[in-house]
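Here are my notes on this model for your review. Please read them with the structure open.

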Amino acid sequence: MTALKSTTGHTFANLGVRDEIVRALAEKGIETPFAIQELTLPLALAGEDVIGQARTGMGKTFGFGVPLLQRITSDTANRPLTGAPRALVVVPTRELCLQVTGDLATAAKYLTATTEDGSERPLSVISIYGGRAYEPQIEALHKGVDVVIGTPGRLLDLCQQGHLQLGGLSVLVLDEADEMLDLGFLPDIERILRQIPADRQAMLFSATMPDPIITLARTFMVQPTHIRAEAPHSLAVHDTTEQFVYRAHALDKVELVSRILQADGRGATMIFTRTKRTAQKVADELNERGFAVGAVHGDLGQIAREKALKAFRAGDVNVLVATDVAARGIDIDDITHVINYQCPEDEKMYVHRIGRTGRAGRTGIAVTLVDWDELERWTMIDKALGLGSPDPSETYSNSPHLYSELSIPTDAGSTVGKPRKAPVKRREASSGSSERPARRPDRRKRTRGGKPVTGHPAANPAASSDVPSDADSPAGSGAAPGAASNSTRRRRRRRKPADASTALQSN
């Protein structure tokens, strides 16, 4: 493998990209390729196997997406597009799956495929991922598809069921390979690779290159060219991101974050937590303070997660609280602030988190809050990355240096408006205090001949509530008079021990 350095001055057009793809990208304002795209395209368009290495947010999607689309649509004379999958992109998460699908569909807007009868049809790009019903995905595969983007588990399921045929692939891409390794998908990927023809182009893209990924690349790639779009150390040091680290008390963190969210120039913001419970708690508390906040974590269903991401991308909410796992694959360019509400597990996770800001030449701010019991973990991260902040300054929501360093107005308080949504408990309490819901009918009520059998009040208002009336007896109105007396005698026998105890006490 060889490492290449970046060059400049190219456009997609003069790199040899088809006019249809160039026009589709230009309509989205994409005309000048990023470094990873500029370096990858000449090799990938020539059909060579490529390993692309660049941190998240540097344009890897079009680095493999453009040559993938061009390859399968330029050789239709020899290999016509028949509706069997011709390209497969494997991604680690559902969110990334949807994003890559959208990007490839954008680039393929003006590309067509010729059907068996000679007519033209739009190129078909679909997503396959878990958390959704199988039936629509199976139906789409049977209808015919050219490009499939999917997560390993669902792809393998559909392969084993016979719905997804991979024998006709021309291009295979593994995107965010290091994250797939972290999530334990390596065995699934190896099973998928066994079903793919040997005569195909392969591309692997990753932010980092741990040994298992290098080993995997050697097993399914043929003399790949290893392309780095930036120096290796830049994975740890984000030159366009200003980093702040504070030692914060757990009980003051929400107050502190509330002030940070009022900083001058603060735009879209991501807040990272280690646990699902903390993510939801932080989102709820910030919403109570009037901030527009969404949450993405494993306890939410797929539809709820997609809704939160859609609102964040559209600007309906400008703060997204996420766990590390749920945030994998979320790729949004214009994030201004990243807040590590809880210290990340290691230096690699720290790099992934703060890499959400300072993208594509923009500047960003990353703030890490370190609790006292997290100091040891933070010291290891600081040492591994050479950040020079092993002992963060003790900081509270009213610390003057917090306001000056992050450009927070001095009059910033803990709230910015009315709660955006009321907690569930409060809604239940308010509705219950004003009016009581109607009592549900007693399902245990049984009747015989239209009359109560047992366990219900007497029909005669004058009857004692302690003694069943004739109407409550099993025999109805024709019951023997002794029925009541039998019940009374049973009650008296039950009271005898109490009476005897009373007598003993009186003696």
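In what order do the 7 strands of the open sheet that includes β5 stand, and is the pairing parallel or antiparallel?

1. The order is β5-β6-β2-β7-β8-β1-β9, and the pairing is parallel. Strands here are DSSP runs of E, at least two residues, and helices are runs of H or I, at least four residues, numbered from the N terminus. Two strands pair if DSSP finds at least two bridges between them. β5 (125–128) and β9 (225–228) each have a single partner strand, so one side of each lacks a neighbour in the sheet. From one strand to the next, the twist averages 15°. That angle is taken between N-to-C directions of lines fitted to C-alpha atoms, on a scale from 0 to 180 degrees.

2. A word on the source. This is a predicted model: local features need pLDDT of at least 70, side-chain atom pairs count only at pLDDT 80 or more, and totals for chains, interfaces and linings use all residues. Residues are numbered from 1 along each chain as its sequence is written, and side-chain values use heavy atoms, with hydrogens and water left out.

3. Look at β2 (residues 87–90) beside β7 (residues 171–174). The two run parallel and are joined by 4 bridges. V89 stands opposite V173 in β7.

4. V89 also belongs to the largest nonpolar core. Such a core is a set of buried Ala, Val, Leu, Ile, Met, Phe, Trp, Tyr and Cys residues joined through side-chain atoms within 4.5 Å; buried means under 20% relative accessible area with a 1.4 Å probe, protein chains only. The core has 41 residues, and L68, L69, V89, L104, V147 and I149 touch the most other members. Among the elements that each supply at least two residues are α3 (60–74), α4 (94–107), β2 and β6 (147–150). α3 gives the largest share, 6 residues.

5. There is another open sheet of 7 strands, ordered β12-β13-β11-β14-β15-β10-β16, with parallel pairing. Its edge strands, β12 (293–296) and β16 (393–394), each pair on one side only. 4 bridges join β12 to β13 (residues 319–323), and G294 stands opposite L320 in β13.

6. Check the lining of the second largest pocket. 17 residues line this pocket, with A250, T278, K281, Y341 and Q342 nearest its centre. The lining divides into 5 nonpolar, 2 polar and 10 charged residues. α10 (253–260) and α11 (276–288) each supply at least two; α11 gives the most, with 5 residues.

Note on methods
On a 1 Å grid over the protein atoms alone, a cavity is a set of points where a 1.4 Å probe fits but cannot get out, and a pocket is an open set with protein on both sides within 12 Å along at least five of seven lines; lining residues have an atom within 4 Å of a point. Ala, Val, Leu, Ile, Met, Phe, Trp, Tyr, Cys and Pro count as nonpolar, Asp, Glu, Lys and Arg as charged, and the others, Gly among them, as polar. Buried means under 20% relative accessible area, exposed over 50%, partly exposed in between (1.4 Å probe, protein chains only).
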